[in-house]
Amino acid sequence: MSLAKLVQMLWSPTSQLVWIVFGQTIVVVFAWAFIGEIMLVDVLTLPDHIVHLILDYVDLNYFVGYYFIALHICHQKGVSAPPLRADYTAQASYCDSAEHVDLCHAPATKISRATGPHIGGLCGDHTSALEVCTILNELSGDVFDVGLYSWSTLLLPTPVRWPVGMVGTELDLGSAAFVSQLNTDLFKQNPNSVQAPAFEVTNVLTLLSGIAAVDFEGGVKTSSMFSFNGVSYNQSTGGIVPVVEDYSGSSNSPGAAVGLAFFGGKVPVNTSFEWGRLASDTSTHQGIAQNYTVTQQGVTANVTCQPIDRSQNSFSTINFTTPGPLYAFVTWNATANCAGNSNSQIYFTAANVTTGLMDPASEGFLPVVVCPNPESITTFNPNKFYIFMAGLYKYSFLPTTVCEVVPYLTTVNVTYNGGIISVDPIATPGLTSNLNLPLSQYIATVITYQSGSNQAMTKNPVGDFLTAYGNNDTSVIYSELEDYWRGIVEFASTKLRSGYTASGVPSNMARSTSGTMYVMTYGWKSKAYTYIFLLVAITLVWGITVLAAVHGFTQEKIHASDPSFDFSDPIDLIMAAYGERSELELLQGDKDKMDDISVCFEDVPEEEGSIISKRLVVVPEALPMTALLSEDREV
C-alpha cells in the first residue's frame, strides 16, 4: 500500500470521525480522572513556580481561558466543522447522508420564491431527516456553550486554602516532673549574677504586658500589640510559647540563661507537618502565604476587682518620714489582711521637706500588696489570691480595692497569621484546671516584684495610666485593672515556659499539640455538587457525539454519499443553488408571484468540466406534485 493511499485511508471522513470519537473519549477519561483526584485529595495545588508565574507575569483569566477553549475545541473538533462550532461535526456524517437522501433520492424539493433558495426549516406537518439535522445544528451552539463553561469551571485554577495537618509537643506546666523541677528552683538560695538580666526584663516587660492587655482604655476599644523575645502577640501572650518555627522569635542562643534565668534567646520548636503525598516535595508547595491554627496549653486568670469588704479584709499604710536637705524621705509599710492571712510590703517615696506630704496635683502613691504571702507554703492558696491596692494623693480617685485572682491552666486556640500571634481561650468544661502551687507562687511573686518596682519616688505608672484612661469612673477603672493583672499573669507564664523550653523539654514534661497549617495558593478545591454537574455535562456531550457518530456510520452504509459534494457545507449548497441554469430559472417570471417552485439536485457530468458535482435544477410544472409530497420541503 502506497503512502498516499494510507494517508487517504487514515484521513477519510469515516476515519476522521473515528479519531474524533477516540480523542473525545480520551478527554472525557481525563476529566473523570482529574475530578477524581481532586475529590480524593480535597485540595489539588499547583507548584510554586507556576503560582508565581500566575501572580507575576500572566493574566490568569486570559491564560487559562485560551487553554480551556483550545481543549474544548479539540474535544469537539471534527470533519467539515465551521470554526468554533466543533459540536456540529459529530453529526456531519449522519447529516451528510440525510441530506443525500432528502435532496438526491427525493424527486424534488419545493423552494419559495420569496425567500430564495436555501436549505432548512420545517414545512407543514412533515419533518425530514435533513430537518432533524438542521435542528441539531441549531442546538450545537448551546451544546458548545455548555461544554465551554464546564471546561472553564473545571480547568480554571482559583485561590485556594490548602489545610495541612501539624502535630508536635510543648512543655506541660501541669506535669509532675515540671512541678517538681520548678519547686526546687524557686527555693534555691543565693541567686547568681546569671539571673540578674531576667529581673530587668521582668521589671520592664511585666508592666508593658499588663498595659497591652487592657481591652478598653477610657471606654474605647483598643487593639494593642505586645512583643517578647522577638515574638508579637495580639494584646496578650495567653501563657503560650510559639510552636511554629517562623514565629519562634529570637535565634540567639540563650547560653546558660535558661529556666528562671531566661531573659531571651532561641526557644526550640518541636512540630512536624502531615504533607501526605507531597512529603518528598514539600519545598515546591509552600504557596503564597501560610497561617496556622494550633490547639495549645495556655495560662490565664479570672480577675475580679471591687471595693474592699472591710468585714472580711483590711488594708492599711503606715509611714515614717526622714527629713533631708531638699526633700523628705518617707518609708511606707503597706499591710493587707485577707481572711486571717496577712502580708506587707515596704515602699519608699519623697515628699515636701517642710510638710512631709506629696503634692496632690502632681505626685502620687499607689501601694499594692499580694495576700496571702506567696512565699509562705502553708498559707498561700494556689487556686486563688488577692491583690490589695489604694490610691493616695494624686491617685486618691482609686478607693481601697481588692482584686481576686483565680489563675488556671486552659486549652487555647492559637492563630499564627501575618507575623502576629492571637490567643483565644476555649470555653469548654473539662479543658481547664487549677494551677499547682509552685506555678501559682511564681506568678504571685512576679506581681509582688512588679508592684514594688512600679512605685517611684513621686509617681506610679499604673496610677498615671488610670488617671489618663480611668475617666474618674470606678467601673471603668476596675475593668482596666482586671485586664492589667490578667495580662501580667499570662506574660509571667509565657516567660517561665520559654525559659524551661529553651533548655530542652524532656518527654516526662511534654504534652502533645495539634493544629492545621493553611497554605494560600492556586489550585482546585473539591466541590462535590459542582463537579458532579460538570461530569454530567461533559459526559453528556461525549455521549451525544458517540451516538451521532454510530448513527452516521449506519447511514453511510445505507446511503453512501458523494465524497466530492458535502451537503453539510453551506458553500457547496450555495454553489449548487446558483450554479448553471438553476439561477436563470429562479430569476425568470413574475417577481410578484409568491408561488413555490420545485427543485432537485442532479449530477453534473464530468465532461462538462464543472467545478462541482451537483447542481440545483427546477422541476417542470408538468410533473405531478403528488409524487413529491413524501419528500418535499418548503423553506
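This is a predicted model: local features need pLDDT of at least 70, side-chain atom pairs count only at pLDDT 80 or more; totals for chains, interfaces and linings use all residues.
**Notebook: disulfides and salt bridges**

I began with Lys 394, which is partly exposed because its relative accessible area is 22%.

Residues are numbered from 1 along each chain as its sequence is written, and side-chain values use heavy atoms, with hydrogens and water left out.

**Entry 1: the partner of Lys 394**

I looked up the salt bridges (a side-chain nitrogen of Lys or Arg within 4 Å of a carboxyl oxygen of Asp or Glu). The structure holds seven. Lys 394 pairs in this way with Asp 464, and their closest N and O atoms are 3.3 Å apart. This pair links distant parts of the chain, 70 residues apart: Lys 394 is in the loop between strands S16 (392–393) and S17, and Asp 464 is in helix H10 (residues 461–469). Helices (H or I, at least four residues) and strands (E, at least two) are DSSP runs, numbered from the N terminus. Asp 464 is partly exposed, at 25% relative accessibility.

Which residues are linked in a network of salt bridges? I found Asp 483, Arg 486 and Glu 490. Asp 483 and Arg 486 have their closest N and O atoms 3.3 Å apart. These two are separated by about one helical turn, because they lie three residues apart in helix H11 (residues 474–502). Arg 486 also meets Glu 490, at 3.4 Å from N to O, and this pair lies four residues apart in helix H11. Asp 483 is buried at 13% relative accessible area, and Glu 490 is buried at 5%.

**Entry 2: the disulfides**

I searched the whole structure for disulfides (a pair of cysteine sulfur atoms within 2.5 Å) and found two.

Cys 305 is joined to Cys 403, with 2.0 Å from S to S. Cys 305 lies in strand S9 (residues 289–307) and Cys 403 in strand S17 (residues 401–417), 98 residues apart. The torsion about their S-S bond is about 110°, so this disulfide is right-handed. Both cysteines are buried.

Cys 338 is joined to Cys 371, with 1.9 Å from S to S. Cys 338 lies in strand S11 (residues 327–338) and Cys 371 in strand S14 (residues 368–371), 33 residues apart. Here the torsion is about -80°, so the disulfide is left-handed. Cys 338 is buried at 3% relative accessibility, and Cys 371 is buried at 0%.

Methods: Buried means under 20% relative accessible area, exposed over 50%, partly exposed in between (1.4 Å probe, protein chains only).
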